Structures are given as structure tokens and as C-alpha cells.
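User: I am new to reading protein models, and I would like to learn how to look at a sheet and its surroundings. Could you take me through this one step by step?

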Amino acid sequence: MKVLALNSGARADGESYTTLMLNHLTEGMKDAGADVEIINLRTRKIRNCIGCFTCWTKTPGRCVHKDDMTEELFPKFLASDLVIYASPLYFHTLNAAMAAFMERTLPAALPFFEEDEDGNTYHPMRFKTPASVLLSVCGFPEMSEFDAMREFFERTRDKNSQPVAVICRAGASLLSAPQLAAKSRDVLEATRQAGRELVKNMKIAPETMERITRSLGSAKTFRKMGNIYWKTCITEGVTPGEYDRRKMVPRPQSMEDFMFMFPFGINAKAARDKKVLLQFNFTGAINESCLFRIEKGRAQAQTGGDENPDIAIDTDFDLWMDIITRKADGQKMFLEQKYKVRGDLEMMMKIFGGR
Ligand SMILES: Cc1cc2nc3c(=O)[nH]c(=O)nc-3n(C[C@H](O)[C@H](O)[C@H](O)COP(=O)(O)O)c2cc1C
């Protein structure tokens, strides 16, 4: 099977979740023996259709533009058995690079009007077009984000090229969250499996699709985390790409944000069967205490303190935020007595030891 994989992701490899998903899908296709060519549309010149209909009149089947679409992509499109349209979701639909490609497949249609079995008008095709797969990722956590794009994609494919699969991954940025590594691995393994199934059966099994689209967490948690992440990008003056390259972590700016984020960054399981009360007594920008009850592998937060915590950390709020975001060295600050720890220091080291 000859597969043409069109990737309209705008971001570089390593940053783009469209590319991450497409790489796994096409690896699976290659496993099953397909001949796959991936083309990053951002590396090609595709002019917009100018609506002159030269391709329907003077030069039937050939576009008036002389660019990469006419010379390279359109012939490859017609020669393939299956085309993967891999596009990030932009404003509820395919992005502009993919839209430009689609417009420019107009020479494949004939200008004439025919009536389908439902009484609707359509253009018959001049050339036999390949079957299609839509692959997309989006930022929001809800699968309903893709509804308009699915509808658009199905409506714009002619009878031959109706989608054999629509693969959508919502909340795509969660695929790189360290706490979700096991779940993300399964999404990517299932995507590879989907590639194998497509080559063998021209369809994806419902169980495989369920694994690809499975929720990676609650929308409420996603929104809270996402807001702390974006606030960090804004205050630190970094783009998401720079944030990733510098291996930054979200920086809470309020007590509420800190209490929400802290349990994600510790290893609560390190307390084993012990119940540990860990208290922060903050000073400086925020002058309040909060308490974490660490038990059975979970940490529950509450405002205020306990008279008898197992571990108490007295620290300036901003200094602690500098430590957790790796702007300051926690050990060095401890030795310089910039903050104080009372109680079970050994347990604290275990809990802060990461996952
Ligand atoms: C211009 C623009 C429009 C977007 N529109 C949506 C949208 O409508 N819904 C959504 O959930 N995410 C939206 N996003 C987020 C992207 O879908 C998300 O960042 C995705 O991971 C981008 O693909 P990439 O990782 O391959 O670059 C938009 C992003 C941009 C830059």
C-alpha cells in the first residue's frame, strides 16, 4: 500500500503533537509493510487557489500555478492508495497549510453537476482519488472540539476518498506531562497499533480507538494546571517552546495554586503506610500556613497549620517557589539557613525525591 502522509503541523519536530502522533501512526503502517512517505507541508510552497478554473477549462486536470503542489504534491496525491491528512486543530478546523493543499486538489474534480442518491448536487471526479485518514490534535481536553472539523472533512471528501478513519487526540499537551507518562505511552502505542490495523484492514478496531482517545485527566484539573502554566510563561517571558527547552516547571503565584500543584511534584508513595503531616509556614509575599496530609500515596491540602506536624518548613514564599522551579538550589539555601526544616528531615527528603 502506498501511503502519502501530509503533515501540516506548524511547529518543529519535538514540539509538535501532530508530528508525535503521525510518527507513531506511520511507524505502525511501516510495521505492516506499507510504503509511507511523510511530507511536512511547511517545507513546501503551496499557493492559494485563485478560482480561475483554468484546471477545468484550458488545461483540464492541471493547475495554473507552477509550485510544489502542481509539480510534486498533486501527482503524489493521485498516485497514492491512502492519504493521511495530519493537521493540528486551529479554530475548530484544519489549519491554513492543510486548507491550501485541499483547495488545490480541485483539478481532480470535473466541473459538471450530478445528482446523488439523496437528491443533492455533486461534482463527479476526473481522477480516482485516494482513500483518506484524518489525524488531528488539539489543546482543549474535550473530544467535542473536533466536531466541526470531522463534519467539514467528511463533507469535502468525494465518494472515493471518504475517511476510513478519523483519529483525534484532545488535550494533546498532556502527552508530555511526566505524571502521565504511562497513560501517554499507551496512547502512542495504540496509535502505532492503529497504523498496523489500517494497512491490514483499512479500519481501526474500536478498542484501539478507545485507547487513543482516552481521557488523560479531568477537564477541571487540566484548566487549573493550564492556567498556572500560561501564567508562568507570561511572567517568565517564555514561549511554550522555550519553556520546554529550558525544562521549566509551572510556578505557583498564590497559595491556592501552590496547594493545587504541590501534590503533583512530590512522591507521596514514599511515605509508605505512614501518615505524614507536612506543613509550610510561609512569610514574605504570602504570610500563611498550609498543611498536606500525606497518606496512602496521596497528598491532601488544607489551609492553616497543625500544632504537631511531622515536618514543618518555615520559608519565604518566593524563595520556595524559586526552589521548586529550580531557580534556586534547595540544598544550598538550606545550608545557608535561608529556610528552616523541623521534624522528620529524612522523610522530607524521601517525599521530595520525585517519582
Ligand atoms: C491559531 C491556533 C488556533 C487554535 N485553535 C484551537 C481550537 O480551536 N481548539 C483547541 O482545542 N485548540 C486549539 N489550538 C491549540 C492547538 O490545537 C494545539 O496547540 C496543538 O497541539 C497544536 O498542534 P502541534 O502541537 O502539532 O503544533 C489552536 C492553536 C493555534 C496556534
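Analyst: Let us begin with an open sheet of 5 strands, whose order is β2-β1-β3-β6-β7 and whose pairing is parallel. Helices (H or I, at least four residues) and strands (E, at least two) are DSSP runs, numbered from the N terminus, and two strands pair if DSSP finds at least two bridges between them. Keep in mind that this is a predicted model, in which local features need pLDDT of at least 70 and side-chain atom pairs count only at pLDDT 80 or more, while totals for chains, interfaces and linings use all residues. Residues are numbered from 1 along each chain as its sequence is written.

User: How do strands pair, and what is the bridge partner of V3 in β2?

Analyst: In general, strands of a sheet pair through backbone hydrogen bonds, either parallel or antiparallel. Here strand β1 (residues 2-7) pairs with β2 in the parallel sense over 6 bridges, and V36 in β2 is the bridge partner of V3.

User: What is the order of the strands in the sheet with mixed pairing?

Analyst: That open sheet of 5 strands runs β10-β9-β8-β11-β12. Its edges are β10 (298-303) and β12 (340-343), each with a single partner strand, so one side of each lacks a neighbour in the sheet. Strand β9 (residues 289-295) pairs with β10 in the antiparallel sense over 6 bridges, with F292 having A301 in β10 as its bridge partner.

User: Which strands does helix α9 touch?

Analyst: Helix α9 (residues 255-265) packs on the sheet and touches β9 and β10, its direction making about 170 degrees with that of β10; residues are in contact if their C-beta atoms, placed from the backbone, lie within 7 Å.

User: How is the protein chain divided into domains?

Analyst: The chain has domain 1 (2-213) and domain 2 (251-351), with bounds that come from an automatic or database domain assignment. The C-alpha centres of domain 1 and domain 2 lie 47 Å apart.

Technical notes: Two residues are in contact if their C-beta atoms, placed from the backbone, lie within 7 Å. Axes are lines fitted to C-alpha atoms, for helices over the stretch in contact, and angles run from 0 to 180 degrees between N-to-C directions.
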